[in-house]
Amino acid sequence: MSRSSYDVIVVGGGPAGSCVSNLLAQAGASVVVLERERFPRFHIGESLLPTELAVLDRLGVSLDALGCVRKRGAVFIDERAGRRSCFSFDEGLPGTPDHAHHVERATFDHALLKAAAKAGAEIRELHEVVDVELGDASGVEVCVRELDDARNEVARHELRGRYLIDATGQQAMLARRGKTVEPYREFGRAAVFRAYAGLAPEINAELRERGDILIFIVDDGWMWGIPLPSGDLSVGIVKTKGKAEPAVLDQAVADSPLLTRLTAGAKLGPVRVIGNFSYRNTAPYGPRYACIGDAACFLDPVFSSGVALAFAGAEKLAELLAPALHEGREHDAALMQPLSEHMRPAYEAFERFIHRYYHTRLIDNVLLAEHDHSHNLRSGVISVLAADVWRDDNPFQNMLMRARRQ
Ligand SMILES: Cc1cc2nc3c(=O)[nH]c(=O)nc-3n(C[C@H](O)[C@H](O)[C@H](O)COP(=O)(O)OP(=O)(O)OC[C@H]3O[C@@H](n4cnc5c(N)ncnc54)[C@H](O)[C@@H]3O)c2cc1C
């Protein structure tokens, strides 16, 4: 018989929810993760960043055991102008880890969830939270719909907790209920993507030689090419304007000589569309609750920052909440103020970087520059691309921040 009361209720079993529940369970808290899907489930966002390696160690997840493609850096390509530039993580500022990985998110997210279970968290898949009561001074309450594999409701439960963590990704459960979603209107708004399977062996060898993420600069947006462990190539387009429909992706691939060559003869996976993104939650924490990962903020994924920021928020939240639960301070409305302060420089660095990507000559002056910028500035760009953004000696990041203050 499952229990109905926990120290912490985590809604959502993606990277943010799995990470925070793993760390809290390691610290001795009773934790339940309520996840509406059955894992493994498809998720977009396959390109990880170097700073995630240390977190994965803490979670007990080995990427080597999962299968992954070693990623050395990012290549920015403007085929319209015939220009490209490669940023290798091993040329980052001292201390920036020198590589990352591409993963199949279905496998990766499942491994994270299983690691949380191993650490002691109770995982309930096919459990969708449909209502939340935060107002009670003694705790929080959620109403959960239990589903079968055909997604029919089989039961409803009420669960109580001392603390609620919203890790529902772009569902952003609390932000949408509280109407605290603030869109970034000038960033990418929608993506169209699919996997290309059965690439020619020489194409696969070419893509894996360095394992870089390919970022194509196109009008009103950008495209990605990510070599996956399965041998497929994940390709997508993000647009700031216009309709996001399958034909947009097909046309963009046809317009790109490189993507046309890489995907020649490949078998097409299903096209998927995601819209309505790039926003922040203006109330990411409060009495007895906090939001992390995409439930707190989702930035245009041009720099692949999503999972890294989800992990960073999860780690800080666990660090603050574990002792508070121990000392009975979890009701303190200001408990998560340091979480907000911790995440601010990271969100601001990426926000400013993305803003400049779309609205300034950043692409010409920095990302595709053939000459000029000092070695240190280039290393600084690479450290931001690696999500190594909690440091104060990065000349590029400091420049972004100064621009914000002005
Ligand atoms: C087009 C695109 C490309 C991207 N590319 C990258 C990339 O290359 N690298 C990168 O790092 N990031 C990328 N991202 C972002 C990345 O996918 C997310 O930032 C990351 O998944 C956030 O993790 P999360 O745990 O917050 O949310 P999610 O991974 O979305 O997990 C949330 C979970 O909550 C569950 N859930 C939702 N509502 C409920 C509910 N009511 N009850 C129970 N469960 C619920 C969902 O089923 C889901 O499993 C990309 C995103 C997009 C849209």
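The legends below describe close-up views of a predicted model. Local features need pLDDT of at least 70 and side-chain atom pairs count only at pLDDT 80 or more, while totals for chains, interfaces and linings use all residues. Residues are numbered from 1 along each chain as its sequence is written, and side-chain values use heavy atoms, with hydrogens and water left out.

**View 1. Crossing of helix 1 and helix 9.** The axes of helix 1 (residues 15–26) and helix 9 (residues 306–327) cross at roughly 30° and come within 8 Å. Helix 1 is therefore roughly parallel to helix 9 (angles under 35 degrees). The crossing of helix 1 past helix 9 is right-handed.

**View 2. Residues in contact between helix 1 and helix 9.** From helix 1, Pro-15, Ala-16, Cys-19, Val-20, Leu-23 and Leu-24 meet residues of helix 9 that include Val-307, Phe-311, Glu-315 and Leu-321 (contact: heavy atoms within 4.5 Å). By class, this contact has 14 nonpolar, no polar and one charged residues.

**View 3. The largest cavity.** The count comes to one cavity of 30 Å³ or more, and the largest cavity holds about 60 Å³ of space. A cavity is a set of points on a 1 Å grid over the protein atoms alone where a 1.4 Å probe fits but cannot get out; lining residues have an atom within 4 Å of a point. Among the lining residues are Leu-49, Lys-71, Phe-89, Ser-304 and Leu-385. Strand 4 (73–78) and strand 13 (213–218) are the elements that give two or more residues to this lining. The lining divides into nine nonpolar residues, one polar and one charged.

Notes. Axes are lines fitted to C-alpha atoms, for helices over the stretch in contact, and angles run from 0 to 180 degrees between N-to-C directions. Helices (H or I, at least four residues) and strands (E, at least two) are DSSP runs, numbered from the N terminus. Angles under 35 degrees count as roughly parallel, over 145 as roughly antiparallel, 65 to 115 as roughly perpendicular and the rest as oblique. A crossing is left-handed if the near helix is turned anticlockwise from the far one by less than a right angle, and right-handed if clockwise. Ala, Val, Leu, Ile, Met, Phe, Trp, Tyr, Cys and Pro count as nonpolar, Asp, Glu, Lys and Arg as charged, and the others, Gly among them, as polar. On a 1 Å grid over the protein atoms alone, a cavity is a set of points where a 1.4 Å probe fits but cannot get out, and a pocket is an open set with protein on both sides within 12 Å along at least five of seven lines; lining residues have an atom within 4 Å of a point. Grid points are joined across faces, edges and corners, and a volume is the space filled by probe spheres set on the points.
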